[in-house]
Amino acid sequence: MCSSDLLKILGSVAPYCKNGKNCPGYLLTEGKEKILLDCGNGITNHLDMKRDLENLTIFISNYLGDHYGDLFSIAEASSLFLKSGLLEKRIKLYLPELEEKLRTRMYNTEFFIEKTTDQYRTERINQEYVKNIAYHHFDVEIYNQSTQLQIGNMNICFYQTLHPTDTYAMKIESPTGKFVYSADTIYDEKIIEFFKDADLLLCEASLLKGQERNCKHLYAYEAAKLASKSHVEGLILTHFWPETEKNAYVEEATEYFKNVVAAEEGKVFKIKK
């Protein structure tokens, strides 16, 4: 395996930063290419701007602020670096497509998700806000579930998750490994095929047993069940509530899947051991 097939955790909590823990952001490196999955508040604290902005492609999974808050810091930095000759080309930024019609998707028999007109209006405002700033600094493209991309040796595809806001899980395959990022979601057995046989699954785990599901996110044990049913090799939990100790999520998950750890800011993982 090439030693550059690495995943660096830049942020692991939501929806706000606390005590050195940042909102979602994950830097994947393969050869000379780098992919930044989400760009939450605070993640630039763990970026080497001169090095990490070169050959960088950014993917935003949804239009919730904790997933794009630091995008504007990178935009300003990249603009300055381009003007000073420290960066050769503009960064490519991929933003998710929005569905204009209302969406109802079943989650088992417990409840349903419905995108209301107000939710869509809010998403559209957020999308325009991001695009208006981004177009001045990045080369911007819109992606959806049918999009397939190749960046260097990496093939990238997407899966629209069960979440009130249009959100996309991402799968990145190279000759040396398969990596999957859940983004925001609730439990969805249809996603198992998308995760199947990954070397590493980075999966949100916002809730613990006993907590009310007042947000459309996964319990830690549900993330572990998805990992087990998908036959992945390793599981990294992320997207934690900032006030809760991370070991509580790991303890809950290990009842269902053994090879599990918590995402920690600054920690680096190999995609395939």
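A salt bridge here is a side-chain nitrogen of Lys or Arg within 4 Å of a carboxyl oxygen of Asp or Glu. In this predicted model, Arg 51 and Asp 52 make such a pair, with 3.4 Å from N to O.

In total, the count comes to nine salt bridges. Another one brings together Glu 173 and Lys 178, at 4.0 Å from N to O. Glu 173 is partly exposed, with 30% relative accessibility, whereas Lys 178 counts as buried at 18%. Then there is Glu 255 with Lys 209, where the closest N and O atoms are 4.0 Å apart. This pair ties together distant parts of the chain, 46 residues apart: Glu 255 lies in the loop between helix 6 and strand 15, and Lys 209 in the loop between strand 13 and helix 5. Glu 255 is exposed at 56%, and Lys 209 is partly exposed at 43%. Shared partners also join Lys 246, Glu 264 and Glu 265 into one network of salt bridges.

On confidence, the average pLDDT is 91, and 92% of the residues score at least 70. Residues 106-111 stay under 50, and the model has ten contacts for them beyond four places in sequence.

Methods. Residues numbered from 1 in each chain as written. Predicted model: local features only at pLDDT ≥ 70, side-chain atom pairs only at ≥ 80, totals over all residues. Heavy atoms only, no water. pLDDT = per-residue confidence, 0-100. Contact = heavy atoms within 4.5 Å. Buried < 20%, exposed > 50% of the residue type's maximum accessible area, 1.4 Å probe, protein only. Helix = DSSP H or I, 4+ residues; strand = E, 2+ residues; numbered from the N terminus.
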